[in-house]
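Dear colleague,

I am passing on the structure below, and I would be glad if you could look through it alongside the notes that follow.

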Amino acid sequence: MAKSKAPSILEVLPEIKKKKFRPLYYFFGEDTYNLNSVLNLLETSFSPLLKSEFDKEIIYSEDKSIIDILGHASSFPFGSEKKLMIVREAEKIKDKKPLKVYASSPVDFTVLAFFHNGAITNLNSEPFKTLGASGFLFEAKELKGKYLISWLINEAEEKGKTLPEENAQILVDIVGENRSMLEVQLEKICIFLNEKKEISIETIQQVSSELKQFNIFDLQNAIGLKDKERTFSVAKNLLDNGAEPTFIISMLTRYFTGLAKITELRSKNIPDREAARIVGTHPYFYTNYVKARTLYSDEKLVEVFRSLLKADVSVKTTSSEDKTIITLLIAEILQ
């Protein structure tokens with residue numbers, strides 16, 4: 001039997017922006033960014049319809065039962081044609097089954113929106129089956145890969161900036177996949193650019209420098225040059241600013257995997273832009289890869305991969321401190 005799926009939360013955004021509201025929404029999922037975005041959009045879009053402050057209510061579900069919530073939703077507005085009820089932390093409601101009956105025939109003068117943090121294991125159970133069949137159930141999935149890149153490019157466009165796809169990928173590699181962090185960094189870049197339109201690699205690098213923060217590419221370049229003092233300084237800065245050791249290890253593994261391909265690519269006279277794509281980097285960084293490859297022999301690369309694997313196992317299976325694991329890893333790579 002095929003696993004049931006709920007429509008994406010993104011599908012309902014256009015109609016909310018146009019102030020076309022469904023009487024009932026049940027939003028759920030792992031993507032807290034999208035859940036919060038929809039909540040804010042719902043409040044903003046509904047606000048012009050409110051003639052009384054009493055016709056908007058935010059409820060935390062642990063304070064009320066589902067029966068209380070539905071009873072309140074069925075009461076008429078004070079002074080507006082419609083009222084808005086937002087139920088947060090809906091995952092804490094113990095018995096949601098009464099929502100099935102309400103979903104079958106919701107009142108038309110209330111917009112009732114539930115926000116459920118996390119996944120729902122069985123969408124064929126009630127009330128979720130009825131919510132889905134009635135068009136009231138929407139999932140907020142974390143964006144990954146090309147979908148995240150597409151979102152980031154669209155965000156830049158809304159701010160009046162042009163962000164090429166390969167530059168968007170670099171920004172994700174630097175900041176990580178947390179959309180809140182990406183949004184903050186994008187805002188800083190747009191302020192830095194002022195009237196300029198295109199977000200270039202140089203701009204991304206420069207903003208990181210202005211913030212006195214290093215990024216993973218600074219670490220790769222320092223390691224590539226075997227600059228021990230700078231490497232340890234950059235690694236400390238990354239960890240102090242919240243970089244996860246698993247992220248550092250993963251990116252370094254990708255980096256050295258790319259380095260391992262350089263010799264063959266050079267022997268075949270592959271153009272730099274194409275070679276950069278093959279090794280998984282931006283053309284802007286490719287010349288640094290070529291320089292680094294001269295300092296890392298095939299034998300040394302084998303040792304590096306062993307050290308990376310050991311560090312990865314340590315992070316996942318021991319209680320060693322993050323800084324200790326990364327420091328030992330770097331020491332082994334540079335020795």
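In this predicted model, strands S2 and S3 pair in the parallel sense, with five bridges between them, and within that pairing glutamate 57 has methionine 85 of S3 as its bridge partner. The two strands belong to an open sheet of five strands, which runs in the order S2-S3-S4-S1-S5 with parallel pairing. S2 and strand S5 (137-140) are the edge strands, each pairing on one side only, and from one strand to the next the twist averages 15 degrees. Helix H2 packs on this sheet, where it touches strand S1 (24-29), S2, S3, strand S4 (110-117) and S5, and the direction of H2 makes about 165 degrees with that of S3.

Turning to the aromatic residues, the structure holds 14 aromatic pairs. One of them joins phenylalanine 54 and phenylalanine 78, whose ring centres are 5.4 Å apart and whose planes stand at 45 degrees, so the pair is tilted. This pair links distant parts of the chain, 24 residues apart, since phenylalanine 54 is in the loop between helix H2 (32-46) and strand S2 (56-60), while phenylalanine 78 is in the loop between helix H3 (66-73) and strand S3 (83-88). Phenylalanine 54 counts as exposed at 56% relative accessibility, and phenylalanine 78 likewise counts as exposed, at 65%. Elsewhere, Tyr25, Phe27, Phe115 and Phe138 form one aromatic cluster.

Two charged side chains also sit over rings: arginine 179 lies over the face of tryptophan 151, at 5.2 Å from the ring centre, and lysine 226 has its charged end over the ring of tyrosine 296, 4.6 Å from the centre of that ring.

Key: Residues are numbered from 1 along each chain as its sequence is written. This is a predicted model: local features need pLDDT of at least 70, side-chain atom pairs count only at pLDDT 80 or more; totals for chains, interfaces and linings use all residues. Side-chain values use heavy atoms; hydrogens and water are left out. Rings of Phe, Tyr and Trp (its six-membered ring) pair if their centres lie within 6.5 Å; planes under 30 degrees apart count as stacked, over 60 as edge-to-face and the rest as tilted. Helices (H or I, at least four residues) and strands (E, at least two) are DSSP runs, numbered from the N terminus. Buried means under 20% relative accessible area, exposed over 50%, partly exposed in between (1.4 Å probe, protein chains only). A charge sits over a ring if NZ of Lys or CZ of Arg is within 6 Å of the ring centre and within 35 degrees of the ring normal. Two strands pair if DSSP finds at least two bridges between them. Axes are lines fitted to C-alpha atoms, for helices over the stretch in contact, and angles run from 0 to 180 degrees between N-to-C directions. Contact means heavy atoms within 4.5 Å.
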